[in-house]
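This report is intended for a reader who has the sequence and the model at hand. Please keep both in view while reading.

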Amino acid sequence: MKAAVMENIGEIVVKEVSRPEVEPGGILVGVKACAICGSDVRTIEHGSSSVKPPRILGHEVTGVIVEVGEGVTNFRVGDPVAIVPAIGCGECDYCRSGHTNMCPDLETIGFEFDGGFAEVMAVPAKAVRQGHINKIPEGLSFEKATLAEPLACCINGQEPLSVSVGQNVAVIGAGTIGLFHVELALSKGASKVFLIDIIPERLTYASLLGKDVVTINSSEKDPVKEVMNQTNGRGVDVAIVACPVGAAQNQALQMVARRGRVSLFGGLPKDKSIGYLDSNLIHYKEVGVFGAHASTVIQNRLALSLLASERVGSAIKYVTHIFPLNQIKEGLAVIKKGESLKVVIKPN
Amino acid sequence: MTKKMKAVRLYAPGDLRVEEIDVPTPNDHQVLVRVRAVGVCGSDPGRVMKKGTYSYPTTIGHEFSGEIAEVGSQVTSFKPGERVTVAPLIPCGKCDYCKVGKYNLCDSYSYYGSRTDGAMAEYVVVEECDLLKLPDGVDFESGACTDPASVALHAMLKSDLKVGESFAVLGVGPIGLFAIQWAKIMGAEKIFAIDILDEKLDVARQLGASYVVNAKNTDPVKFLLEETKGKGVQRVVEFAGSKVTQEQSVRIAAKEGTVVFGGISYEDLLIPSSTLDALLRKEIRIVGAWNSVFSPLPANEWKISLHFMAEGSLRCAPIISHRFSLDEAPEVFQRIWNKSGFFNKVLFIP
């Protein structure tokens, strides 16, 4: 079969490789769509501690089941499915309490296992056993269903923030993740959402999300001052950092109201994560600061349902580019230019 | 000569009169409001025909909006001519609940239309702390619906409804119809509306209910359990105030579901042992909801209601079924009490 293999840092090659074998309890998926995540670009350029080349990347995967392994009874060949890529061990305290994304031995499709930039992808038995395969609801396309993975991560990130009706929310970073956070907050009834970015082009999407979304171009205006001005000096109930920028994390602490909640959704580059937060802001304002990492099967199912009912993901055309597998480099180049939202690879 | 005005006043249960009385004078901290619309609350017919008010005569009416006609000398945040709505509860400001902003739980509150003169009149005197400005785009009739909209929101917040969850409301009078709209705003996946009047269920569907059930013809418990593949509904709000629907609301709740009792009830509720068993085994939480919150934190439900009315996703016009003049009040209350005809939100336009 054809696959895009990361052979070394900076080196991705589309070539013929042997089709994976189905293991007992596992499943093979004929990949219909696999979106490129920002982390894929990072891994190709700088490597990742979880990726040992040669490796097929891609973890935002949808497709059709083409083969089921021995003992698999709850899935059938032909089922349209979305894959939940982050797989816990299923045995530890976190896994058994439903926080599978917090498993210390988390392994992820497209990182520790071969991923979806290939014609066929193997889903390991331990993933099938833990239900990491969600059926795609009727009417949802394979391309759009790839959004379930990043959306589920946003659902997970917002869970401890208790975003509720009538609240003010600020999102720093207007990429796909930031826009998802805005849409999720609106779907919960937030009455005002500030979307902040330094690139004005990215802020133009906000106009598609309704009049409760206020954009702030932070290359022109101080976003903290702007948010304070527009909230009568109180700040926002919730601030979400959806970009990998340390300075933005502290801006979030500055613009959040007393007793507010902050999500450090976007991680910082390795060895560059220390020294940004003014802890006195947390201390004196009684701010709750939360992290976010990956997502669970149940959150992925909710993401699919929100996409299918068009409550999230339909106001904006998120899938801006589609490429066949042998043009994956063009897809990566489009992302580098910063003019895309989601770039989807279609191997079949 | 003192200025006169028309007022609808209760002299005894069942004895409602329209009279010419003096326009009241606000004290230094009060505001005189020219009433432009005043609604009949679900609690009003019982109050007028059976329960009575706390002293007589009392001008009734507590869901209203209007324009400021005059402000007391110490009033700083409002001025004549401004369009306003008014929260009906006057908090004591001294008890432990008032000190933490939970005015709806105040130990010794007063209330327009039952404990002090209300708004079914051309003018009413109100406390500054109860006033909210109407945003542009919210008309007086909608403004008069801020109270039921906020009562619905308060119950919805008690229900803890989260995005993607299923929701059911039993009893879709005006408050239930607002609950449906809040469920939509809060991201409910499936919205079930249950009532015994098709007229109300039609409005429920128009305002966003995905399923409507007339409990006169269809067993709502059976229907909802079938539609949810036996799982039940995650968040349930009861606004009918009947022992039948209260018991049903527990039976339709899913595991770890919430049932909010918001409908005022005058009957004992007997929970059958099988329902009680389900309550335990499914770890269902029953919680009461009373009135609404208009303190700033954690959420001013009145301001949130006005925001979504102005924005257009909380609609009042489909809920309003009748508009009358003050002179018609005694006869209208008689008709509502005798259930002669269909009534949804009834407004008086003074």
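The sections below treat the basis of the model, its chain contact, domains, helices and local backbone features.

## Basis of the model

This is a predicted model, in which local features need pLDDT of at least 70 and side-chain atom pairs count only at pLDDT 80 or more, while totals for chains, interfaces and linings use all residues. Residues are numbered from 1 along each chain as its sequence is written, and chains are lettered from A and ligands numbered from 1 in the order in which they are written.

Helices (H or I, at least four residues) and strands (E, at least two) are DSSP runs, numbered from the N terminus. Two residues are in contact if their C-beta atoms, placed from the backbone, lie within 7 Å.

## Contact between the chains

In the contact between the two chains, 11 residues of chain B meet 12 residues of chain A. On the chain B side, helix H5 (174–185) and helix H10 (301–311) each supply at least two residues. H10(B) gives the most to this side, with three residues.

By class, the side of chain B that touches chain A has six nonpolar, three polar and two charged residues. Here Ala, Val, Leu, Ile, Met, Phe, Trp, Tyr, Cys and Pro count as nonpolar, Asp, Glu, Lys and Arg as charged, and the others, Gly among them, as polar.

## Domains of chain B

Chain B is divided into domain 1 (4–145 + 316–348) and domain 2 (148–288); such bounds come from an automatic or database domain assignment. The C-alpha centres of these two domains of chain B lie 29 Å apart. Their contact takes nine residues from domain 1 and 13 residues from domain 2. The side of domain 1 of chain B that touches domain 2 has four nonpolar, three polar and two charged residues.

Two packed helices are described by the angle between their axes and the distance between the axes. Axes are lines fitted to C-alpha atoms, for helices over the stretch in contact, and angles run from 0 to 180 degrees between N-to-C directions. Angles under 35 degrees count as roughly parallel, over 145 as roughly antiparallel, 65 to 115 as roughly perpendicular and the rest as oblique.

Helix H1 (residues 44–51) and helix H11 (residues 329–337) of chain B pack at an angle of about 100 degrees, with their axes 10 Å apart. H1(B) is therefore roughly perpendicular to H11(B). From H1(B), Pro45(B), Val48(B) and Met49(B) meet Phe333(B), Ile336(B) and Trp337(B) of H11(B). The residues of this contact are six nonpolar, no polar and no charged. For helix H4 (residues 146–159) of chain B and H5(B), the axes come within 8 Å and cross at roughly 55 degrees, which means that H4(B) is oblique to H5(B). Among the residues that make this contact are Val151(B) and Leu153(B) of H4(B) and Phe178(B) and Trp182(B) of H5(B). By class, the contact has 13 nonpolar, no polar and no charged residues.

## A buried helix in chain A

Helix H5 (residues 148–158) of chain A is largely enclosed by the rest of the structure, because 11 of its 11 residues are buried. A residue is buried if 20 or more other C-beta atoms lie within 10 Å of its own, exposed if 12 or fewer, and partly exposed in between, with C-beta atoms placed from the backbone. The buried residues include Glu149(A), Cys153(A), Cys154(A) and Gln158(A). Their cover includes strand E5 (60–68), helix H6 (176–187) and helix H11 (297–308) of chain A.

## Loops and backbone features

Pro244(A) lies in the loop between strand E14 (236–241) and helix H9 (246–255) of chain A. Pro244(A) has 17 C-beta neighbours inside 10 Å and so counts as partly exposed. Pro244(A) and Leu268(A) are 24 residues apart in sequence and 4.9 Å apart in space, C-alpha to C-alpha.

Most residues other than glycine have a negative phi, and most peptide bonds are trans. A cis peptide bond joins Pro53(A) and Pro54(A), with omega about 0 degrees, and another joins Tyr56(B) and Pro57(B), with omega about -10 degrees. Lys229(B), which is not a glycine, has a positive phi of about 55 degrees. Lys229(B) is exposed, with 7 other C-beta atoms within 10 Å. Glu283(B) has a positive phi near 50 degrees and counts as exposed, with 10 C-beta neighbours inside 10 Å.
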